[in-house]
Amino acid sequence: MISEITDFLGSTTPQAWIEAAIANQDLLLLDHKNCEYKAASNALNLMAKYNTREALMNAMSRLAREELVHHEQVMKLMKKRGVPLRTLSASRYAAGLRQMVRRTEPGMLTDILVISAFIEARSCERFNALYPHLDDELGKFYKGLLESEGRHFTGYLKLAHLYGDADDVADRIKAIRPVEQALISAPDTEFRFHSGTPTN
């Protein structure tokens, strides 16, 4: 699955980000918590917007529940490690990808699903790059997330092909890929789970 995900992304996480993550584990956990909540919210929003599409509704219901379980698991880790809850600004990553979404259907749904696949794929790739460098508890937790993140990636792609045209899906993957690669590699002043190369 990791090789498939790396091929899909076309790039790997910069080493400088991995080093920043190791040095800023409180921030990593806090933003990871936020990412799990946002992933659940994305699934619920898709259910609300496309509530006549049965396969999507069923898949997003399962995904939202799983993401909220992950959110709770990160919260427990934070509490155990004495990481306080606080407001944290979002990275530019998701907003940058959302700018690629077309404003009319069926392109809008295709783009949301393809972008969601990219986000899940990048999360999986970053967990895989990071877990060997962490303590046993956090490393085991992040390694354990690889399967679910990979499953979410393939699930979003399957839905994109179910509800969209195969050629259009392929074209949108090609269009979105360089944007995603730039967002996770370009210099970034703030460290976040999906931030680019740290500048400090």
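How many helices and strands make up the secondary structure of the protein chain? The chain has eight helices and two strands, where helices (H or I, at least four residues) and strands (E, at least two) are DSSP runs numbered from the N terminus. The model is predicted: local features need pLDDT of at least 70, side-chain atom pairs count only at pLDDT 80 or more, and totals for chains, interfaces and linings use all residues. Residues are numbered from 1 along each chain as its sequence is written, and side-chain values use heavy atoms, with hydrogens and water left out.

**Overall fold**

- From the N terminus on, the elements follow the order α-α-α-α-α-α-α-α-β-β.
- The radius of gyration of the protein chain, 16 Å, is close to the 16 Å that the globule rule gives for 200 residues, so the chain is as compact as a globular protein of that length; the radius is taken over C-alpha atoms, and the rule is 2.2 Å times the number of residues to the power 0.38.
- The C-alpha trace spans about 45 × 30 × 30 Å along its principal axes.
- Of the 200 residues, 49% count as buried (buried means under 20% relative accessible area, exposed over 50%, partly exposed in between, with a 1.4 Å probe and protein chains only).
- Among contacts (heavy atoms within 4.5 Å) with a separation of 6 or more, 78% involve residues 24 or more positions apart.
- The chain exposes about 9700 Å², of which carbon and sulfur atoms supply 54%; accessible areas come from the Shrake-Rupley method with a 1.4 Å probe, and for residues only the protein chains shown count as cover.

**Largest pocket**

- The largest pocket holds about 750 Å³ of space. A pocket is an open set of points on a 1 Å grid over the protein atoms alone, where a 1.4 Å probe fits, with protein on both sides within 12 Å along at least five of seven lines; lining residues have an atom within 4 Å of a point. A volume is the space filled by probe spheres set on the points, which are joined across faces, edges and corners.
- Its lining comprises 30 residues, and those closest to the centre are Lys 38, Asn 42, Ala 94, Arg 98 and Ile 119.
- At least two lining residues come from each of α3 (25-49), α5 (93-98), α6 (107-130) and α7 (136-163), and α3 gives the most, with ten.
- The lining divides into 14 nonpolar, eight polar and eight charged residues; Ala, Val, Leu, Ile, Met, Phe, Trp, Tyr, Cys and Pro count as nonpolar, Asp, Glu, Lys and Arg as charged, and the others, Gly among them, as polar.

**Second largest pocket**

- The second largest pocket has a volume of about 230 Å³, and its lining residues include Met 60, Glu 66, Arg 151 and Tyr 156.
- α4 (54-80) and α7 are the elements that give two or more residues to this lining, with α7 giving the most, six.
- By class, this lining has five nonpolar, two polar and four charged residues.

**Individual residues**

- Leu 85 lies in the loop between α4 and α5 and counts as exposed, at 54% relative accessibility.
- Beyond its neighbours within four places in sequence, Leu 85 is in contact with Leu 30, Lys 33, Met 75 and Met 78.
- Leu 183, in helix α8 (residues 166-185), counts as buried at 12% relative accessibility.
- The C-alpha atoms of Leu 183 and Tyr 93 are 5.9 Å apart, although 90 residues separate the two in sequence.

**Peptide geometry**

- Most peptide bonds are trans.
- A cis peptide bond joins Glu 105 and Pro 106, with omega about 5°; Pro 106 is in the loop between α5 and α6.
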